[in-house]
Amino acid sequence: MPRLHRTAWLICGDPHLADDAVQATLAVLYSKWRHASTVENLDGYVHRILTRRIVDERRSRWSRVLLRASPPDRATAPSEPGEYDHVLAALRALPKGQRAALVLRYFADLSIQDTAGALGCSEGNVKSQCSRGLSALRDALRASGPEPGSDRPRTTTMRLIA
């Protein structure tokens with residue numbers, strides 16, 4: 001569950017939508033368990049369901065509706081940036097295909113074949129999406145400069161991305 005939630009959160013960028021996607025994924029997995037139990041690679045099968053749930057949710061009209069607990073009549077104070085907020089911001093700036101390929105390949109630790117199966121594309125497409133996505137992430141992280149209040153570059157982040 002935590003691995004699925006982290007993958008969903010990195011793809012969609014919202015922890016609440018990630019919760020919904022994981023719940024919908026598990027519901028589909030439960031309803032298709034007879035077929036899922038015979039699948040050779042269950043992780044790839046589940047990640048494919050998860051990715052399709054997120055894409056389907058984005059296509060729906062409800063994805064454009066913004067529900068809030070209170071009306072946005074006052075500005076909120078900016079929160080203190082976390083350690084990897086700059087990586088998440090750079091990841092959100094990527095196109096959907098590159099972001100999904102990078103998250104499934106490097107954060108969910110799927111193989112190229114499993115990532116291609118989850119995304120429903122060829123292995124060559126996964127390789128090119130990952131290559132372009134990593135290049136764009138490196139450029140974005142270099143452009144953002146060193147961490148605020150720090151004299152050293154973001155080498156730990158670059159090692160994470162490399």
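Q: Which residues of H8 are buried?
A: In this predicted model, the buried residues of H8 are Val-126, Gln-129, Cys-130, Gly-133, Leu-134, Leu-137 and Leu-141.

Q: How are they placed around the axis of H8?
A: They cover an arc of only 130° around the axis, so they lie on the same side of H8.

Q: And what is exposed on the other side of H8?
A: Arg-132, Arg-142 and Ala-143 are exposed there.

Q: What span should H8 have, and how far apart are its end C-alpha atoms?
A: H8 has 21 residues, and at 1.5 Å a residue the helix should span 30 Å. Its end C-alpha atoms are 30 Å apart, so the two values agree.

Q: Back to Arg-142. Which residue does its side chain meet in a salt bridge?
A: The side chain of Arg-142 meets that of Asp-139, with an N to O distance of 3.8 Å.

Q: Where do Arg-142 and Asp-139 lie relative to each other?
A: Both are in helix H8, three residues apart, which is about one turn of the helix.

Q: Is that pair buried or exposed?
A: Arg-142 counts as exposed because its relative accessibility is 56%, and the cut-off for that class is over 50%. Asp-139 has 46% relative accessibility, so this residue counts as partly exposed.

Q: How many salt bridges are there by this rule?
A: The count comes to two.

Q: What parts of the chain does the pair of Arg-3 and Asp-43 link?
A: The pair links distant parts of the chain. Arg-3 belongs to helix H1 (residues 2-12) and Asp-43 to helix H4, with the two residues 40 apart.

Q: How accessible are Arg-3 and Asp-43?
A: Arg-3 has 32% relative accessibility and therefore counts as partly exposed. Asp-43 is partly exposed as well, with a relative accessible area of 40%.

Q: Changing topic: how much space lies in the second largest pocket?
A: The second largest pocket holds about 360 Å³ of space.

Q: Which lining residues are the closest to its centre?
A: Thr-51, Val-55, Lys-96, Ala-100 and Leu-119 are the closest to the centre, out of 19 residues that line this pocket.

Q: Which elements give two or more residues to that lining?
A: Those elements are helix H4 (42-59), helix H6 (96-107), helix H7 (112-119) and helix H8 (123-143). The largest share of the lining, seven residues, comes from H4.

Q: How does the lining of the second largest pocket divide by class?
A: There are eight nonpolar, five polar and six charged residues in that lining.

Q: What about cavities? How many of 30 Å³ or more does a search of the whole structure find?
A: The search finds one cavity of that size. The largest cavity contains about 40 Å³ of space.

Q: Which residues line the largest cavity?
A: The lining is formed by Trp-9, Leu-10, Gly-13, Leu-88, Leu-91 and Arg-92.

Q: Which element gives the most to that lining?
A: H5 gives the most to the lining of the largest cavity, contributing three residues. H1 and helix H5 (85-92) each supply at least two residues.

Q: And how many residues of each class are in the lining of the largest cavity?
A: Four are nonpolar, one is polar and one is charged.

Terms used. Residues are numbered from 1 along each chain as its sequence is written. This is a predicted model: local features need pLDDT of at least 70, side-chain atom pairs count only at pLDDT 80 or more; totals for chains, interfaces and linings use all residues. Side-chain values use heavy atoms; hydrogens and water are left out. On a 1 Å grid over the protein atoms alone, a cavity is a set of points where a 1.4 Å probe fits but cannot get out, and a pocket is an open set with protein on both sides within 12 Å along at least five of seven lines; lining residues have an atom within 4 Å of a point. Grid points are joined across faces, edges and corners, and a volume is the space filled by probe spheres set on the points. Helices (H or I, at least four residues) and strands (E, at least two) are DSSP runs, numbered from the N terminus. Ala, Val, Leu, Ile, Met, Phe, Trp, Tyr, Cys and Pro count as nonpolar, Asp, Glu, Lys and Arg as charged, and the others, Gly among them, as polar. A salt bridge is a side-chain nitrogen of Lys or Arg within 4 Å of a carboxyl oxygen of Asp or Glu. Buried means under 20% relative accessible area, exposed over 50%, partly exposed in between (1.4 Å probe, protein chains only). The expected span of a helix is 1.5 Å times one less than its number of residues. The arc is that of the directions from the helix axis to the C-beta atoms.
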